[in-house]
Amino acid sequence: MTAKESPSREELVSRAAELVPLLQKNAVWHEENRRLSDDTLAALTESGLLQLRVPVRYGGYESDMRTVVDVIAELARGDGSTAWVMSVYAISSWMAGLFPDEVQDEIFTGPGVRVSGILSPTAVAVPAEGGVLLNGKWSFNSGALHSSWNTNAAVLMTPDGPQPIMVAVPLAELEIVDDWHTIGLRGSGSVTTIATDLFVPEARVLPMVPVLQGRHRSVANAESPIYRAPFMPTACATVAAPALGLGRAAREAFFERLPGRKISYTDYTDQAQAPITHLQVADAITRIDEAEFHAHRAAALIDTKGPTGEEWTLEERARIRLDLGGVCSRTKEAVDILNTASGGSSIYTTVPIQRIERDVQTLNLHGILHPNTNLELYGRIACGLGPNTLYL
């Protein structure tokens, strides 16, 4: 199969939509057990959606960014934790495709292989014969409980000073610490993993700076359009999708409960008749539409510019971060409005809006997704200053 023969965007979004009822049913279980259920994982595997960003020679689809965004946003209509884990799987599978081809052969041993990863370089590597020796830990390791491999960041200590790297390691070689006790995205199982004197062969060590600049070590993927796009824009556009989908989920959850609801301690026996409700839903829907604009603008730039191999400007890279911040902030504003309009009965754990609210809040606190950080970054560049981060 080639990328052109892969399932269409419409087909893949339809597959995601078919999973929404199952994800809605399993969402409470995911929260209570702080991980995805076996039947959710089986459904994701059977749907083929785990193949979104897997190289085609391993049966993957190499789907374009707009398809990735739309599929993951659709999954988020069912459950934010599932969508978040899927975004991590999509990024990490794509990341695995940047390693040398022989490493990819180790990783992609069959359909449905799950790869997760961490971008924060919170482990230290030192040179060793034939590779590096790795020590440290990675917190917020979403999807690690159900993954075979991790593509994680670390710092390599060299005579010329510390250098950021990416490493590919089997999850079986890491210690898992079950510390994921949170208020939001509880079902994502974003546990901590620890490496202790772990030897990583040289082939599975990738310098991070060239990766951030759009250079990698795969020969087989060199001509693939999705592997010509730079890392951070690709990652940022992907993780915007769960937020967008949660906005849509909040809208649906609100209108599902609206018929017959009254506004307590007023003479409104039908909330739908109240002018305040009209203002609230119109305001929220407008903000969700704005979030969709930012998510699709980021995806369009990657899909248009990525395949050409054309150099990205600093402003374009920062604009993707701006779009990510825009998706998160507008979605949170919309969900806040709808949650406020949902009344006291919405605080029960069986009512989706409260979970959506907590999931969106959690996304907005993520270091890469945080709207203030992304707005400041773009504003610096717009004002003629240099970026204050390598993550562009």
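Okay, let's start with a pair: Arg 297 and Asp 323 join their side chains in a salt bridge, 2.7 Å from N to O. By salt bridge I mean a side-chain nitrogen of Lys or Arg within 4 Å of a carboxyl oxygen of Asp or Glu. This one links distant parts of the chain, with Arg 297 in helix α8 and Asp 323 in helix α9 (residues 314-340), 26 residues apart. Helices here are DSSP runs of H or I with at least four residues, strands are E runs of at least two, and both are numbered from the N terminus.

Before I go on: this is a predicted model, so local features need pLDDT of at least 70 and side-chain atom pairs count only at pLDDT 80 or more, while totals for chains, interfaces and linings use all residues. Residues are numbered from 1 along each chain as its sequence is written, and side-chain values use heavy atoms, with hydrogens and water left out.

Back to the pair. Is Asp 323 buried or exposed? Buried, at 2% relative accessibility, whereas Arg 297 is partly exposed at 28%. The cut-offs are under 20% relative accessible area for buried, over 50% for exposed, and partly exposed in between, using a 1.4 Å probe and protein chains only.

Now Lys 305 and Glu 316, another salt bridge, whose closest N and O atoms are 3.3 Å apart. Again we go from α8, with Lys 305, to α9, with Glu 316, eleven residues along. Both Lys 305 and Glu 316 are buried. There's also a network: Asp 283, Arg 287, Glu 290, Arg 330 and Glu 333 are joined by salt bridges that share partners. The total count of salt bridges is 21.

One more sits inside a helix. Arg 66 and Asp 70 meet at 2.8 Å, N to O; they are four residues apart in α3, so about one helical turn separates them. Arg 66 is partly exposed at 29%, and Asp 70 is buried at 10%.

On to the nonpolar side. The largest nonpolar core has 95 residues, and Leu 75 and Phe 231 touch the most other members. A core here is a set of buried Ala, Val, Leu, Ile, Met, Phe, Trp, Tyr and Cys residues joined through side-chain atoms within 4.5 Å. Which residues does Leu 75 touch? Leaving out residues up to four places away in sequence, they are Ala 16, Leu 19, Leu 23, Leu 44, Leu 49, Ala 83 and Met 86, where contact means heavy atoms within 4.5 Å.

Helix α7 is worth a look too. In α7, 22 of the 27 residues are buried. From first C-alpha to last, α7 reaches 41 Å, close to the 39 Å expected; that expected span is 1.5 Å times one less than the number of residues.

Last stop, the loops. Glu 62 is in the loop between α2 and α3, and it has a positive phi of about 45 degrees without being a glycine. Glu 62 counts as buried, at 11%. Ser 63 is found in that α2 to α3 loop, buried at 6%, and it touches Leu 12, Leu 52, Arg 53, Val 68 and Ile 226, not counting residues up to four places away in sequence. Then there's Tyr 265, in the loop between α7 and α8. Its phi is also positive, near 65 degrees, but Tyr 265 is exposed, at 86%.
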